[in-house]
Amino acid sequence: MVSRARAARLKPLLDAVADDRPWADRVRFDPVEFPHRYEAPRDVEVVALLSASLAYGRADLFKPKIESVLEKLGARPAARLKALEVSQLAGLLDGFVYRFNLPADVGVLLMGMGACLRTHGSLEATFLEARRTSPDYRAALSTFARTVRDAAPRAEIVRALGPTRGLDHLLPVGDGAAKRLSLYLRWMVRGPDAIDFGIWTLVKPAELVIPLDTHIARLSTFLGLTTRQTRGWAMAEEITASLRQLAPDDPVRYDFSLCHFGMSGACPARPVEASCRRCPLKAECRVGRKLVRR
Ligand code: SF4
């Protein structure tokens, strides 16, 4: 975790990156663009969970897959999922295959969300129940994923669509970094602003843990937000603890801008002197300082 002195130096730099760049324009490059097409909170939360769960690999490959399911779910996806029957899944998921995931995996997610809506009224209430019965935040993420999975009639889905393959990847229940579940929570809890929705008002932004992707891990290492070498939940927690020193009530406010700072090429995967020279973070970046000094 960063020292207080270092946090004080980092804060104006990261605030400038978060506030001054036109990050809202980058929503169209991000899976968060899908839930932004809906207004009703119940529609937003189900579309967001589908989108975050499938947001792995290349955006140009996973986005058409999400798009194809959403098209078939129609304008009121929450109502559609609440009434969805296993016999309708084949039409909904016709031809769906994306990397680790087969139609039955997504069938479990869709039917599970529908069942949770019927039982708890919302995915927020489903998460709150998971948190109430879990010892900590990480366990609550797992319990939430397991609740959605277990709510679906899996045997019936497998009979209709064939075997599942990547459920553990789609809705992870272990103790890994849980990047996409953390991303989902950020979308639901933070805000509202141009990116995040802030529709889950009973979870506090201060509780969130940063979704740890390759860009966040790399930039956080460069900026000294973590000293860990291995990407996982412990690294995500350490980065969040560092950011909490900068913004105690909203530590993951830096996530979207830092992630897109990397994704957009502003900080390339292999940093070069030219990008470091114009980088607003160079004063506190160990890689940038070295490259610019040469
Ligand atoms: S100074 Fe260079 S390496 Fe550091 S964050 Fe900026 S672009 Fe990346």
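This is a predicted model: local features need pLDDT of at least 70, side-chain atom pairs count only at pLDDT 80 or more; totals for chains, interfaces and linings use all residues.

Reader: Which helices do the buried residues of α3 pack against?

Author: Residues are numbered from 1 along each chain as its sequence is written. Helices are DSSP runs of H or I with at least four residues, strands are runs of E with at least two, and both are numbered from the N terminus. A residue is buried if 20 or more other C-beta atoms lie within 10 Å of its own, exposed if 12 or fewer, and partly exposed in between, with C-beta atoms placed from the backbone. Two residues are in contact if those C-beta atoms lie within 7 Å. In this model, the buried residues of α3 pack against α2 (41-54), α4 (77-82), α5 (89-92) and α6 (103-120).

Reader: Which residues of α3 are buried, and where on the helix do they lie?

Author: The buried residues are Ile66, Val69 and Leu73. An arc describes the directions from the helix axis to the C-beta atoms. Seen down the axis of α3, the buried residues fall within an arc of 60°, so they line one face of the helix. On the other side, Asp60, Leu61, Pro64, Glu67 and Glu71 are exposed. After α3 comes Gly74, whose phi is positive, near 85°.

Reader: How many helices and strands does the protein chain have?

Author: The protein chain has 16 helices and zero strands. Of its 294 residues, 45% count as buried.

Reader: What does the radius of gyration say about the protein chain?

Author: The radius is taken over C-alpha atoms, and the globule rule is 2.2 Å times the number of residues to the power 0.38. For 294 residues a compact globule would have a value near 19 Å, and the 20 Å of the protein chain agrees with this. Along its principal axes, the C-alpha trace spans about 65 × 35 × 35 Å.

Reader: Which residues are found around the ligand?

Author: A residue is near a molecule if its C-beta atom, placed from the backbone, lies within 6 Å of it. Around the ligand are Leu219, Phe222, Cys267, Pro271, Ser275, Cys276, Cys279, Leu281, Lys282, Cys285, Val287 and Gly288. Two or more residues of this shell come from each of α12 (214-222), α15 (273-277) and α16 (286-293). Ala, Val, Leu, Ile, Met, Phe, Trp, Tyr, Cys and Pro count as nonpolar, Asp, Glu, Lys and Arg as charged, and the others, Gly among them, as polar. By that division the shell has nine nonpolar, two polar and one charged.

Reader: Which residues of α12 are buried, and what do they pack against?

Author: Ile216, Ala217, Leu219, Ser220 and Phe222 are buried. The buried residues of α12 pack against α13, α14 (255-263) and α16. Gly224, which follows α12, has a positive phi near 75°.

Reader: Is Ile239 buried or exposed?

Author: Ile239 lies in helix α13 (residues 233-246). Ile239 is buried because 29 other C-beta atoms lie within 10 Å. Not counting residues up to four places away in sequence, Ile239 touches Ile210, Ile216, Ser220, Leu225 and Thr226.

Reader: Where is Val203 placed?

Author: Val203 is in the loop between α11 (179-189) and α12. With 18 C-beta neighbours inside 10 Å, Val203 counts as partly exposed.
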